Amino acid sequence: MVEQIRNDAPVLVIGLGRFGAACAGELDRLDRDVLAIDENLELVQKWSERVTHAVQADARSIDALKQVGAADFQVAVVAVGSSIEASVLITANLVDLKVPQIWAKAVSQSHGKILARVGANHVIYPEREAGERVAHLVGGRMLDFIRFDDDFVLTKMYPPKFIRGIGLNESGVRTKYNVTVVGVKSPGKPFRYAEANTVVTNHDLIIVSGTAEDVERFASLDR
């Protein structure tokens, strides 16, 4: 039986560049215990007071990982990206130490394939995902864009004019455009789930889900 990983399990973060530091900092904000590792002493000192533990070590050495207790972690993030060789070697070390869940940053598709083959459970492409997100935002029709698997996306946008002032069921958003308005935010109020009779106003923001093509077409309608 596979051991279930607790959702509050401590996290090992290797690499304190922008991606790794952001990850470690957010985990700390979420009250997760974090052990951050980097070769750069200056970065370690910078983050030593911001996360639970920060240690200077060369994670390419499996002996160094053993010394800092990496084998005791159930979750690890390999945030090293500047050196493909280093990130692959570190990931392989974590696999050898039997860390159950390994998230690894990749800088290219081929890099990601290698990481997956050596045993990374989750491969992340932050630069590619950020570039795609910006491409959808620069047109000005969307305020935020997140892609999930199987071409399913979630976007934040201003509502097209034709759905304002009437219930969502009357506007025919789902039947005509194959998208779903899942949330609405009115000024000064938190997001709320949208229902069939929800009325969207001129001042609201909406959260829309659907395929990228359908959502793009919906976002391009007259606002």
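This is a predicted model: local features need pLDDT of at least 70, side-chain atom pairs count only at pLDDT 80 or more; totals for chains, interfaces and linings use all residues.
## Exercises on strands, crossovers and loops

**Exercise 1.** In which sense do strand 4 and strand 5 pair, and how does the chain cross from strand 4 to strand 5?

*Solution.* 
- Locate strand 4 (residues 75-78) and strand 5 (residues 101-105). Strands (E, at least two residues) and helices (H or I, at least four) are DSSP runs, numbered from the N terminus.
- The two strands pair in the parallel sense over 4 bridges; pairing requires that DSSP finds at least two bridges between them.
- From strand 4 the chain passes through helix 4 (residues 84-96) to reach strand 5, in a right-handed β-α-β crossover. Right-handed means that, with the strands pointing away from the viewer, the path from the first strand over the helix to the second runs clockwise.

**Exercise 2.** Follow the chain onward from strand 5 to strand 6.

*Solution.* 
- Strand 5 and strand 6 (residues 122-124) run parallel, joined by 3 bridges.
- Across this pairing, Trp103 stands opposite His122 in strand 6.
- Together with helix 5 (residues 109-118), strand 5 and strand 6 form a right-handed β-α-β unit.

**Exercise 3.** What is the strand order in the open sheet of 5 strands, and which strands stand at the edges?

*Solution.* 
- The order reads 7-8-11-9-10, with antiparallel pairing.
- Strand 7 (142-147) and strand 10 (192-193) are at the edges; each has a single partner strand, so one side of each has no neighbour in the sheet.
- Strand 7 pairs with strand 8 (residues 152-157) over 5 bridges in the antiparallel sense, and here Ile146 stands opposite Leu154 in strand 8.

**Exercise 4.** Where is Asp31 found, and is Asp31 buried or exposed?

*Solution.* 
- Look in the loop between helix 1 (18-29) and strand 2 (34-38), where Asp31 is found.
- Asp31 is not a glycine, yet has a positive phi of about 65 degrees.
- With a relative accessible area of 69%, Asp31 is exposed (buried is under 20%, exposed over 50%, partly exposed in between, using a 1.4 Å probe and protein chains only).
- For practice, visit Asn178, in the loop between helix 8 (173-177) and strand 9 (180-185); its phi is also positive, near 60 degrees, in a residue other than glycine.

Terms used. Residues are numbered from 1 along each chain as its sequence is written. Side-chain values use heavy atoms; hydrogens and water are left out.
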